[in-house]
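Keep the viewer open and click along as you read.

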Amino acid sequence: FGTIAQYRIPVKVVVLNNGFLGMVRQWQELFYEHRYAYTELPPVDFVGIARAYGIDGMVVEERGAVKDALRTAIAHEGPFIVDVHVEREENVFPMVPAGAAINEMIGSRQ
């Protein structure tokens, strides 16, 4: 956030916040039989951190509020963060497993 604030770069940041190191947790779920280790995060106030740098933002906790939050972010002149709280075990797809080729991409849950 420091560089964004210093140069007032009008970047819009969207955090898909599931309370974990999301991609690491996803790998542990999909490839290591749900053996989670050191991936859960304490509650992080991403909007509060951004505001400490003078960057505006908002938290979204309801699915129906996402479109309005994105419209607000896009309409905002300067940088903006949207912290979207998602289900704790929500995954991100597509993904390429370790050592796999791009044509071995996984498109959804196995």
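Asp68 and Arg71 pair up in a salt bridge, with their closest N and O atoms 3.3 Å apart. The term salt bridge is used here for a side-chain nitrogen of Lys or Arg within 4 Å of a carboxyl oxygen of Asp or Glu. The two residues sit three apart in helix 4 (residues 66-75), so about one helical turn separates them. Helices are DSSP runs of H or I with at least four residues, strands are runs of E with at least two, and both are numbered from the N terminus.

Asp68 is partly exposed, with a relative accessible area of 48%, while Arg71 is exposed at 53%. As for those labels, buried means under 20% relative accessible area, exposed means over 50%, and partly exposed is in between (1.4 Å probe, protein chains only).

## What you are looking at

This is a predicted model, in which local features need pLDDT of at least 70 and side-chain atom pairs count only at pLDDT 80 or more, while totals for chains, interfaces and linings use all residues. Residues are numbered from 1 along each chain as its sequence is written, and side-chain values use heavy atoms, with hydrogens and water left out.

How many salt bridges does the rule give? The count is five. One of them joins Arg25 to Glu29, with 2.7 Å between the closest N and O atoms. Both partners belong to helix 2 and are four residues apart, which puts about one helical turn between them. Arg25 and Glu29 are both buried, and for Glu29 the relative accessible area is 7%.

Glu29 has another partner too: its side chain makes a polar contact of 3.3 Å with the side chain of Asn91. A polar contact is a pair of N or O atoms within 3.5 Å; within protein, one must be able to donate a hydrogen and the other to accept it, and residues adjacent in sequence count only if both atoms are side-chain atoms.

Now look at Arg88 and Glu40, whose side chains meet in a salt bridge at 2.6 Å, N to O. This pair ties together distant parts of the chain, 48 residues apart: Arg88 is in the segment after strand 3, and Glu40 is in the loop between helix 2 and helix 3. Arg88 is partly exposed at 41% relative accessible area, whereas Glu40 counts as exposed at 53%.

## A nonpolar patch

Phe1, Leu21, Val24, Leu41, Val44, Ile49 and Tyr53 make a nonpolar surface patch of about 530 Å². Patches take residues with over 30% relative accessible area and no salt bridge, joining like charges within 9 Å and nonpolar side chains (Val, Leu, Ile, Met, Phe, Trp, Tyr) within 5 Å. The areas come from the Shrake-Rupley method with a 1.4 Å probe, and for residues only the protein chains shown count as cover.

Among the patch members, Tyr53 sits in the loop between helix 3 and strand 2 (56-60). Tyr53 is partly exposed, at 44% relative accessibility.

Which residues have a positive phi without being glycine? Glu33 has a phi of about 50°, and His34 has one near 60°. Glu33 is in the loop between helix 2 (22-31) and helix 3 (46-52), and His34 lies in that loop between helix 2 and helix 3 as well. Glu33 is exposed at 65% relative accessible area, while His34 is partly exposed at 45%.

Finally, check the peptide bond from Phe93 to Pro94: it is cis, with omega near 5°. Pro94 falls in the segment after strand 3 (80-85).
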